[in-house]
Amino acid sequence: MKCLSVEQVYLYLEKQLSASEKISIENHVASCSKCQKLLEEREYLLLAVDSLPSWQVPSNFAQQVMHSISPVKATLWGWLSALVGGFLTFVVTCMIYILATGQNVSTLLINLLQTIWGQIKSSSLIIIKFFKLISVILTTISQLLESLSKGLLQILTVIKPEVQILIIAIFILASFFIIYEARRKFLLGEKQ
Amino acid sequence: MYEDKDLVERTLNGDTEAFELLIRKYENPMFNYIGRMVRERELALELTQEVFLKSYAALHSYQPKYKFNTWLYKIASNLVIDYWRKKRIPALSLDQQKIEGSQKVFFQISSKEPSIIKKYELAELKERVEKILEKIPDSLRELFVWRHINELSYEEIAEIKNMPVGTVKNRVFQAKEMILQLLEEKP
């Protein structure tokens, strides 16, 4: 075997060679003082460079960085959570209103829609189309709520007042939880 | 111990404590890298902080198929280059910088007897190497620091610098040969 190249020496010292290459180098080094010296020098150098003193950041470094961090844009998941949270809160509020007053909320929604509709009737065609779409959505929601309220009223006739209060409390708690989670996802970067 | 990818995901879901854990994990390795590149403690601290702020702001663009540490070092490397550009310090392009005589150094093996390196005690040798590092070209020093101080693999370094693994190895060996040669000179 020829004398070792510097590259071979480093690859050998860093254990990056195959078993056969390793044996071949060891056999050569055993009989070549020049390569032995080459190997020893670099082995000693590696011993030094692999244990150079470490620079240490101050103990409060991470906290300082976290202080400088400002909220970043919410993720898509954050936006979706906020939307779902908002919608559920709206539904829960409507349920509480129905249970507390015994009134039909769908009538209120339709009246509100009609008022808005009357105001914007004379506006441009695009706006009319846009609100038509909203009216369809709101009508669907109102119908949904109407059915829901009817169902709830029927249930109320058979449920005891204590149980009614319990159900309302559960809904309020669930609503708060959803809002809190949505807010947490929305405000990435805020200190907690 | 949490995986980096899990901590990144948690951060993206709003858990800022997860990002603090990532900072704690990488603050010293990053400081060691930047410190050895700019050689000034206060400046290195400032730049290290900036690396984490930049990475936080760009976290949504991190692709989990890559290792988080290589992504972070890539940001740090660009930041160091940008800093030098702003300060108009020459020899800025780490990748394209010419390494004068490096090939010569690489293939030149000292045959002087006895070996100078063996004359140093280990502690003294470390001290000398630390000082000599300042004289090593930036392009070689950066790879050397990643390999021997940050203990990155050649493959990781190749990923950061977008270079073939063989080139990375060659340059790290050149850096070490250069250190050996500079050790021969008077302190």
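A residue counts as buried when its relative accessible area is under 20%, as exposed when that area is over 50%, and as partly exposed in between. Keep this cut-off at hand for the exercises below, and remember that the model is predicted.

**Exercise 1. Describe the aromatic pair of B:Phe19 and B:Tyr56, and say whether its members are buried or exposed.**

Solution. 
- Step 1: Start with the whole structure, where a search over all chains finds 13 aromatic pairs.
- Step 2: In one of them, B:Phe19 and B:Tyr56 sit 4.8 Å apart, centre to centre, with 65° between the planes. An angle over 60 degrees counts as edge-to-face, and that is the label of this pair.
- Step 3: Apply the opening definition: B:Phe19 and B:Tyr56 are both buried.

**Exercise 2. Which parts of chain B does the pair of B:Tyr26 and B:Phe68 tie together?**

Solution. 
- Step 1: Find the helices. B:Tyr26 is in helix α2 of chain B and B:Phe68 in helix α4 (residues 68-86) of chain B, so the pair joins parts 42 residues apart in sequence.
- Step 2: Check the surroundings. B:Tyr26 and B:Phe68 are buried, and together with B:Tyr62 and B:Trp71 they form one aromatic cluster.

**Exercise 3. How many residues of helix α7 of chain B are buried, and what do they pack against?**

Solution. 
- Step 1: Count them. Helix α7 (residues 138-148) of chain B has 11 of its 11 residues buried.
- Step 2: Zoom in on B:Arg147, whose charged end sits over the ring of B:Tyr154, 4.2 Å from the ring centre.

**Exercise 4. Follow A:Leu45 in the largest nonpolar core and name its contacts.**

Solution. 
- Step 1: The core holds 86 residues, and A:Leu45 is one of those that touch the most other members, as are B:Met30 and B:Phe68.
- Step 2: Helix α2(B) gives the most to this core, with 11 residues.
- Step 3: Beyond its neighbours within four places in sequence, A:Leu45 contacts A:Tyr10 in chain A and, in chain B, B:Ile117, B:Val129, B:Lys176, B:Ile179, B:Leu180 and B:Leu183.
- Step 4: Two of these contacts also meet each other: the charged end of B:Lys176 sits over the ring of A:Tyr10, 4.4 Å from its centre.

**Exercise 5. Where in chain A does pLDDT stay under 50?**

Solution. 
- Step 1: Begin with the average. Chain A has a mean pLDDT of 82, and 85% of the residues score at least 70.
- Step 2: Locate the stretch. Over residues 188-192 of chain A, pLDDT stays under 50, and the model has 16 contacts for them beyond four places in sequence.
- Step 3: Draw the lesson. Where pLDDT is low, predicted coordinates should not be read in detail.

Technical notes: Residues numbered from 1 in each chain as written. Chains lettered and ligands numbered in written order. Predicted model: local features only at pLDDT ≥ 70, side-chain atom pairs only at ≥ 80, totals over all residues. Heavy atoms only, no water. Phe/Tyr/Trp six-rings, centres within 6.5 Å; stacked < 30°, edge-to-face > 60°. Buried < 20%, exposed > 50% of the residue type's maximum accessible area, 1.4 Å probe, protein only. Helix = DSSP H or I, 4+ residues; strand = E, 2+ residues; numbered from the N terminus. Lys NZ or Arg CZ within 6 Å of the ring centre and 35° of its normal. Core = buried A, V, L, I, M, F, W, Y, C linked by side-chain atoms within 4.5 Å. Contact = heavy atoms within 4.5 Å. pLDDT = per-residue confidence, 0-100.
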